[in-house]
Amino acid sequence: MGTKVRFGGAALVAVGILLLLLASTASAGKKKEPKKPPQQAPTSTALIGTSTTSSATTVKGGKSSATGSHSSGAGAPGAVGSTTLVLYDTTGTYGWLGELYAEAAANLASHFGPWQTEPVSSYQAGQIGQYTATIYIGSTYDEPLPASFLNDVYNATRPVIWIYDNVWELTNANPGFQTKYGWMWSQFDTSTVSHVDYKGVELTRDGVHNQGGIMSYSSVDPSKATDLADAVRDADGSTFPWALRSGELTYIGENPFVYTTETDRVHVFEDLLFDALDPAAPTQHRAMVRLEDINPSQDPAELKSVVDYLYSQGIPFGFGVSPVYTDPNGYYTNGTPESSSLSDHGNGIAADIKYMQAHGGTLVMHGYTHQYSNVINPYSAVTGDDFEFYRVTENADHTLNYLGPVPGDSTSWALGRLSASAKVFSRAGIAAAQIFEFPHYAGSAADYQAVAQDFATRWERGMYYGGWLSGSSIDYSHVIGEGFPYVVRDVYGTTVLPENCGPYAPEPFYGFKPHTVADILAAADANQVVRDGIATFYYHPFEGLDALKQVVEGFQQRGLTFVDPSQVAANG
Ligand SMILES: [Zn+2]
C-alpha cells in the first residue's frame, strides 16, 4: 500500500516537470524525448553478420511448432555464480527484435552464472534487487516501461546496464536524475562513427550501414559519471561518450549487437559485463587454434606437417573431423559419384587422428558428411563445401539465402546423423568426440537441441532464433548470429567454446571474402580489450605451414598463451 502511494506521488511530480519542460522548450511533443533516429530495424545482415564470413546473407525463414519456453539458463563452466536478469522490449512492429537481443545478452551473461530473461513489460517491483546485475535492452523507441522498473533502476543498489532506447523515460520519471547521476542525454547523434576507442584500443563500427545513431549528452559531470568508451566521429575525429557509468547505472548509447564484426565495439560490452558480474576477474589473455575440415579426402602428409609444427611449439589444439567424404553427384569427378569413410580399410586418416590425439589434439565432431543429401546446398553437394544442417541457396552474386531447416529436419533426424557419425569414428577405433561443431556454423533450433542431448560442448559461433526464449513457434526469419569472446553456456543449454578470429583463407571461396593473417591478428588485437578473453582461430591444413607460423608467432608476440580446448571446455 505504501509503495502505491509513493509511485502515485512520483508520477505527479514527473507530470509537473514535463509541463515545465514543455513550457521552456516550446516543444510540440507531449513528452521530452530525443528525435527518433532514421533506422531502428536493422537488416538481416546486421543481425547475422558475425556468424559467417560471407559477404552478405538474406534470411528467408519459415516457422516450426512451439518448443516450450527457455527463458532461463545455467552458468558456463568456470562461472563465478553471479546472476543476471535480462529485460527486453516486445512492442511495436519490430518488437520481435527484443527477444533476439536478449538471447545475445543472456549468452554472454552465462559466462558469469545463471540468467533469467523476460519482457520488460512483465517486470515486477524489486526484481533488480534479486540479481547480481540487470541488463535492459531498449530496442523499441518509446516502449512503455513499468513505473516500478523506472523506480527500481533509479534507486538500484546493484549494477544495471541500460542499452540504447528509452533512457528518456528513466529521466522523465525521475526528475532528480541529472543531479544524482551527473549526466543528461541530448539526442541521437547520427554522424558517421566508424570507431570506438576503449582501453586505448581502436575498435571498429559499421558507420556506413548502421543508421541507428548513438546517444549524445547535454551534460556529463566528470565528478559523478565516468566516460567508459569514446565514439569517434569520422568527419573531424571529435569524440563523445559511447558508454557512461555513474553509481550502479551503466548506460550504452547504442545497441552493440547490430552490425558486429570480429574487430567490433561489441567487445566493449563483452568486457563491461565483468565490472557488473565479476569485478575481481584477473586479466589474462589466452588463445586456441582448431584445425578444420579434416575428412577422409585429407592428404595425410599435409596434416602431419602442421601437427608436428604445433607439437614442436608445445601448442595444444582442436581438430574438426567430418568422418564421411561424399561427392554424390560427381561434382569434382566428371559425374562419377565418390565417397569414402574414415572406417574404410586402409584409409590413413584414422591413423592420423590417433596421431593428433597423441600430440596434443582434441577431436571435434564436425557433422557427419558436411553436406546435405545430393542437393546443392548451396555450392556442390560435396563434403566440406556445403551446409549439412540448414538449407541455404546461393544467388548469382554469391550472396547466400538462409532459407531455414532442411527438408525432414527434426531433433530425431539430427540425432540420427550424430549417431551415424559417432558409429564411423567407433568403427575406426576412435573414441567418441566430446565437442561438436556445426558445418558452416548453422543448424535449426531442433538440431541445436539434438546436439545438446549428445554433447556437453560445441565450439563455434551460434545462430539464435525468435521464439526460443518465449516458447512461441520458432521463426526462422528472425535470427541473430553471435560469436563469443569467452566460454558461455548458450540459450540452447550447451557450453560453447569461443571462435572469434576466423580462418586463414587467402582466396575467396564463393561468397566468402578472403581472410588473411592480418585479419586474424586484427581480431586478436580487438579481443584483447576483453579481460580474460580467449582469442581463437581455425586453420585448414591444406594451407600449408607458413601462414600458420605467422599467426602463431603473432599471437605469441601479443602475449597470448595457447591453451587446451578440452581443459577450457571443462573449466572455462
Ligand atoms: Zn567446415
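Two strands are said to pair if DSSP finds at least two bridges between them, and the strands themselves (E, at least two residues), like the helices (H or I, at least four residues), are DSSP runs numbered from the N terminus. The views below come from a predicted model, in which local features need pLDDT of at least 70 and side-chain atom pairs count only at pLDDT 80 or more, while totals for chains, interfaces and linings use all residues. Residues are numbered from 1 along each chain as its sequence is written.

**View 1. An open sheet of 3 strands has the order S1-S21-S20, with mixed pairing.** Strand S1 (57-59) and strand S20 (391-394) stand at the edges with a single partner strand each, so one side of each is left without a neighbour in the sheet. Neighbouring strands here are turned by 25 degrees against each other on average, direction ignored, where the axes are lines fitted to C-alpha atoms, for helices over the stretch in contact, and angles run from 0 to 180 degrees between N-to-C directions. S20 and strand S21 (residues 400-404) run antiparallel and are joined by 4 bridges, and glutamate 394 has leucine 400 in S21 as its bridge partner.

**View 2. The loop between strand S19 (361-365) and S20 holds proline 378 and also serine 373.** Asparagine 377 and proline 378 are joined by a cis peptide bond, with omega at about 0 degrees. Serine 373 has a phi near 50 degrees, which is a positive value in a residue other than glycine. With 15 other C-beta atoms within 10 Å, serine 373 is partly exposed; a residue is buried if 20 or more other C-beta atoms lie within 10 Å of its own, exposed if 12 or fewer, and partly exposed in between, with C-beta atoms placed from the backbone.

**View 3. Aspartate 142 lies in the loop between strand S6 (133-138) and helix H4 (147-154).** The phi of aspartate 142 is near 70 degrees, a positive value in a residue other than glycine. Aspartate 142 is partly exposed, with 16 other C-beta atoms within 10 Å.

**View 4. Strands S12 (residues 226-233) and S13 (residues 239-246) pair in the antiparallel sense over 6 bridges.** Together S12 and S13 form a hairpin with 5 residues between them, and in the turn glycine 237 has a positive phi of about 75 degrees. Aspartate 230 stands opposite proline 241 in S13. S13 also pairs in the antiparallel sense with strand S14 (residues 249-252), over 4 bridges, and here threonine 250 in S14 is the bridge partner of arginine 245. The hairpin of S13 and S14 has 2 residues between the strands, and glycine 247 takes a positive phi near 60 degrees there.

**View 5. The largest nonpolar core has 162 residues, and those with the most contacts inside it are Val86, Ala105 and Val268.** Such a core is a set of buried Ala, Val, Leu, Ile, Met, Phe, Trp, Tyr and Cys residues joined through C-beta atoms within 7 Å. Helix H3 (residues 97-109) provides the largest share of this core, 9 residues. The core draws at least three residues from each of domain 1 (28-59 + 81-277) and domain 2 (286-571), the bounds of which come from an automatic or database domain assignment. Leaving aside neighbours within four places in sequence, the residues in contact with valine 268 include Val196, Tyr198, Trp242 and Val529; contact requires C-beta atoms, placed from the backbone, to lie within 7 Å.

**View 6. Where domain 1 meets domain 2, 37 residues of domain 1 are in contact with 44 residues of domain 2.** Helix H2 (44-48), S1, H3, strand S10 (201-204) and helix H7 (266-277) each supply at least two residues of the side of domain 1 that touches domain 2, and H3 gives the most to this side, with 8 residues. The C-alpha centres of domain 1 and domain 2 lie 32 Å apart.

**View 7. Helix H11 (residues 445-454) is mostly covered, with 7 of its 10 residues buried.** Among the buried residues of H11 are Ala445, Asp447, Tyr448 and Val451. The buried residues of H11 pack against several elements, including strand S2 (63-66), helix H10 (411-427) and strand S25 (473-482).

Notes:
Two residues are in contact if their C-beta atoms, placed from the backbone, lie within 7 Å.
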